[in-house]
Amino acid sequence: MKRTLTALALLFAANPALAEGTLQLFNWGDYTSPELLAKFEKETGIKVTVTDYDSNDTALAKVEAGGAGFDLVVPSANYVPIWIEKGLVQELDLSKLPHHANIAPEWMNVDYDPGRKYSIPWQWGTTGVAVNKSVYAGDVNTSAIWLDPPEELKGKINVTPEMNDVVALATMYVGGEPCTEDTEVLKKARDALLAAKPYWMSMDYGMEDKMATNDVPASVYWNGAILRARLKNPDIVYGYPKEGFVVWMDQVMLLKDAKNVEEAYKFLDFIMVPENAAMISAFARYANGISGTEPFMPDDMKDAPELVIPAELKDAGHFIPTCSPKAQEYITAIWTELQK
Amino acid sequence: MADRFAINRLPGFTAIAVLAFLALYIPIITLVFFSFNAGKTVMGWDGFSLQWYAVAWGNLAVQEAAWRSVVIAFWATLISTTVATMAALGTTRRRPFKGQTAVYVAINQPLMVPEIVTAVALLIVFAWVKVQTGYQGLGYLILAHSAFCIPFAYLPIRARLEGMDLSLETAAADLYATPWQTFRRVTLPLLAPGIVAGAMLAFITSLDDVVITEFVKSAGQDTLPTYMLGQLRRGVTPEVNAISTALLGLTVVILTAFFLLTRERR
Amino acid sequence: MSPAEEAVLQRSDRNGWLLVAPALVVLGLAAILPLLVMLVYSFLAPGDFGNVKWEFSTDGWVSILFQRDIFDGTLSLADAHLTIFWRSLWLSTVTTLLAFLIGFPTAWFIATRPARQRPIWLFLVTLPFWTNLLIRTFAILEVIRSEGLINTALIRMGIIETPIQMLYTDGAVLLGMAYVYLPLMVLPLYAAIDRFDMRMLEAAYDLYASRWMALRRIVLPIVKPGVVAGSILVFVPSLGAYVTPRVLGGGKNMMIGNFIELQFGQGRNWPLGAALSMTLLIIVTIALLFYVRAANRPRSDHG
């Protein structure tokens, strides 16, 4: 008993956060490949500790409050400007990142971080619709699937409970832009959502399994999860709504109060090596923003229809920008009314 | 009435209790079952395999998280049950003292406030302390868990104490037992079922906490529930089933051993 | 009251505050201080991207009851907020009732086992809760979904032909909630029933009381503190529950817990979130005080 208590006391006192040769990565839960970390540790001797978060806002609130001891964080594109504006992240010294040029050209000069001076791509994906074609065989490249559903799908649709994505998709469906402050457009988007809600079965996550087992025949969801579902059930097709679908990217940023800065640079450079970036993709099944990763990608991801956006639909893809506080207030009000 | 002498039998109660135990364990059996699933999900059986135990065994992060959950729950249970027992003794079977209602409200306050509110506020308070002192250990999580476990420990103990017979303690006092002896030899044994119930509730409450932990934890302090949170979005794999099964198995083994050992001694 | 009893009472009287002090210290640091922070926050203005601006504002409190229509700017009653409040209250009430109906016989069953067996039964009630809530909820989902355990069994036995839709129904949410909170009801009830003197039942039966009468008139009044404790422990936490409603109910509608969380997350309105939780705190505290008073009153006839 005494020994157990000593062991417990040791664990209570242990504070591994600040040891030498370590790195504290603050990332989305279930998003970091353990193989990637093992390879990094083998090459550099640096041990990476991952701490999970489950929303951009939680991560932001925690780091803003301070004192938590993180070095790197992985915000979504529309939060990047907020992190920069609040002064929570530092500008990268590009001379310490020899592989910086590996960032794919289309991801180098993004609006939210031109020239990638603050953020290194982690993964990107889309939010679209997925349908089991044994239930409905019609056109899937449209938001009508869930906003004006065909008879076969009524009462069988799931909508992911992601406020910003869902309101943005609805806004684009009625002809507006994401983050619009135009109340006429917003009103139409709200009405479309409220009119469609009775046809939905649920607003839930976990569709990889539920679509694979056909518990849910149609859903608004993320492409990577649908890819995983399709590998289990070939009837599942992923659609890119032609009225507009959401493109998103998560990227790694270096915190201003990071304690392990040198280690952090090594990690940032490491993930821009194509072989390593492919490991990130192989784990969570989303595309990365690094050139030359194709030879290293798993076979079932090469040319996967969930990852390659058809050329004729490319223009329908929209990044959600950083919404103004006013626009965000509108979005929240619509969401509250939808879920009340 | 045939069972006239089984005075404590109430009609239908045993049936409901047996059904309740069955209902409690059907999902747990499913959970254990799916820890042996060859497929990647906890829905749909793809054949028998031990691969998820191998995955969990190889995943140090999730083992550490599970262990951390148990350590935090252990300390939080110890602290909250101790202070709750004292508080229960101080607030029952006596003339109410001034401000006792306020104390009662304060003790139950963690129950009344949605977790997210305490979480955000604790984030702000503790972050300030973290910056000032540089200490980032598990102490913050243990303190936070101890606080919200107090009502869970307090209410069963109080329920036990309320109306508990004073005569034995009075008798002890009459026999010149010191207050401490009276407490140790008379009150505490009488109170034990309440304390055990309270401690068990505190333990499972701490073990399940997500929101407060998510906001209070520092770098490298994931617990099993915060680790699981990421899987809510991206899909649950049988890995956590494997860990839970191992944890359940370990608990059952330890407690069975404990039970057998104490029986020997009798 | 005998002089000796009086002495015991006086002793505890002196020690009253000393005994509650440690609990108050822990609570003060990690529960009451945060509450004060939130009280302050509820009177500030929301920051642009989360957090608060340090300027005085009562908007958070006003917008609990009234909402400015985003399209025409008129102020009207915030029916969305009231609907969400009402739904959560209703769900918690029914969950508590259900947990009591299942929990009371279970606790009775445990308390009437031989003394050495009781810890084992108690442990059996809590053991399922050593597993994570999410995993537990997913296990229930696996049991009730269309191709899950129950439907498969019923179809194999030839009782039904097509699966019954149980997932994403109100019934699923209620059963799931009762499941999740059952030990919170059983353990306090057990602690109270355990000290019930079974000879009193014997006496009642000797006086030709029916079992139902004995239960209502003798058992329930005496175990009432346990009923009060269990109901509080189930009712209040289930107000904030959202994992179970989402996973089993499909999450189409918000619970008060989700709604407050939304304000601290993507809604970026911390003052509204703070004010909402203060309101919830006040309502629940008042309800609790009434409940405890009402529950304690008849006890004087017996004590």
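Student: Over which residues of chain A does pLDDT stay under 50?

Tutor: That's residues 5–19 of chain A. pLDDT is the predictor's confidence in each residue, on a scale from 0 to 100. This is a predicted model, in which local features need pLDDT of at least 70, side-chain atom pairs count only at pLDDT 80 or more, and totals for chains, interfaces and linings use all residues. The stretch still has 18 contacts beyond four places in sequence, where a contact means two C-beta atoms, placed from the backbone, within 7 Å. Where pLDDT is low, the predicted coordinates should not be read in detail.

Student: Which element of chain A has the lowest mean pLDDT?

Tutor: α1(A), at 48, while strand β3 (residues 72–73) of chain A has the highest, at 97. Chain A as a whole averages 91, and 94% of its residues score at least 70. On bookkeeping, residues are numbered from 1 along each chain as its sequence is written, and chains are lettered from A and ligands numbered from 1 in the order in which they are written.

Student: What about chain C, where is the pLDDT below 50?

Tutor: The mean pLDDT of chain C is 84, with 90% of its residues reaching 70 or more. The stretch below 50 is residues 298–303 of chain C, and beyond near neighbours in sequence it has six contacts in the model. For the model overall, ipTM is 0.84 and pTM is 0.87.

Student: How do you know how many helices and strands chain B has?

Tutor: You count DSSP runs: H or I for at least four residues makes a helix, E for at least two makes a strand, and both are numbered from the N terminus. By that count chain B has eleven helices and zero strands. Its pattern along the sequence is α-α-α-α-α-α-α-α-α-α-α. Chain C has 13 helices and four strands.

Student: What makes α6(B) mostly covered?

Tutor: 21 of its 23 residues are buried. Buried means 20 or more other C-beta atoms within 10 Å of the residue's own; 12 or fewer is exposed, in between is partly exposed, and C-beta atoms are placed from the backbone. Over the 266 residues of chain B, 54% are buried, and over the 303 residues of chain C, 48% are.

Student: Which element gives the largest share of the side of chain B that touches chain C?

Tutor: Some context: 94 residues of chain B are in contact with 91 residues of chain C. Helix α1 (residues 13–34) of chain B gives the largest share of the chain B side, 15 residues. That side divides into 70 nonpolar, 15 polar and nine charged residues. Here Ala, Val, Leu, Ile, Met, Phe, Trp, Tyr, Cys and Pro count as nonpolar, Asp, Glu, Lys and Arg as charged, and the others, Gly among them, as polar.

Student: And how many residues of chain A are in contact with chain B?

Tutor: 33 residues of chain A, and they meet 35 residues of chain B. Elements giving two or more residues to the chain A side include α1 (2–13), β1 (22–28) and α9 (207–212) of chain A. The side divides into 16 nonpolar, eleven polar and six charged residues.

Student: How is chain A divided into domains?

Tutor: The bounds come from an automatic or database domain assignment. Domain 1 of chain A is 2–124 + 249–301, and domain 2 is 125–247 + 309–339. Their C-alpha centres lie 29 Å apart. The contact takes eleven residues from domain 1 of chain A and ten from domain 2 of chain A. In chain B, the assignment gives domain 1 (11–58) and domain 2 (61–231), with 30 Å between their C-alpha centres.
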